[in-house]
Amino acid sequence: MEYNIIIAPDLEGLASEVAGFLPQGWRLKGGILEHGEGFAQQLVRQPKDIVRMQQKQLRKDSTKQRRTRWIQ
């Protein structure tokens with residue numbers, strides 16, 4: 001299991017940083033923590049999530065190829 005902690009000076013920055021990690025298979029763990037330098041959020045990812053994301057990406061790519069062949 002992988003852990004990642006995102007730290008940002010404000011909530012808007014934290015939200016944009018976390019949003020970049022969610023499509024990569026990361027999930028939120030716990031709530032938002034407030035500390036002296038701003039805010040923090042912990043993310044978790046399991047190895048099987050990485051494999052699922054790769055398989056989903058391959059299915060998307062193959063679907064696009066089939067569709068373009070059909071349109072041509």
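Which backbone oxygen does the side chain of Gln41 reach at 3.4 Å? The views below, taken from a predicted model, begin with this residue.

**View 1. Polar contacts of the Gln41 side chain.** The side chain of Gln41 reaches the backbone oxygen of Lys29 at 3.4 Å. A polar atom of this side chain also lies 3.5 Å from the backbone oxygen of Gly30. Gln41 belongs to strand S3 and has a relative accessible area of 5%, so this residue is classed as buried.

**View 2. Surroundings of Gln41 and Val18.** Leaving aside residues up to four places away in sequence, Gln41 touches Asn4, Ile5, Ile6, Leu14, Val18, Leu28, Lys29, Gly30, Gly31 and Ile32. With the same exclusion, Val18 touches Ile6, Leu28, Gln41 and Leu43.

**View 3. The largest nonpolar core.** Seven residues form this core, namely Ile6, Ala8, Leu14, Val18, Trp26, Phe39 and Leu43. Strand S1 (2-8), helix H1 (11-21) and strand S3 (38-45) are the elements that each contribute two or more of these residues. In soluble globular proteins, nonpolar side chains tend to be buried together.

**View 4. The aromatic pair of Phe21 and Trp26.** A search of the whole structure returns 1 aromatic pair. The ring centres of Phe21 and Trp26 are 6.3 Å apart and the ring planes meet at 85°, so the arrangement is edge-to-face. Trp26, a member of the largest nonpolar core, is buried because its relative accessible area is 7%. Phe21 has a relative accessible area of 21% and is therefore partly exposed, the limit for a buried residue being under 20%.

Definitions and conventions
Residues numbered from 1 in each chain as written. Predicted model: local features only at pLDDT ≥ 70, side-chain atom pairs only at ≥ 80, totals over all residues. Heavy atoms only, no water. Core = buried A, V, L, I, M, F, W, Y, C linked by side-chain atoms within 4.5 Å. Buried < 20%, exposed > 50% of the residue type's maximum accessible area, 1.4 Å probe, protein only. Helix = DSSP H or I, 4+ residues; strand = E, 2+ residues; numbered from the N terminus. Contact = heavy atoms within 4.5 Å. Polar contact = N/O pair within 3.5 Å; in protein donor to acceptor, adjacent residues only side chain to side chain. Phe/Tyr/Trp six-rings, centres within 6.5 Å; stacked < 30°, edge-to-face > 60°.
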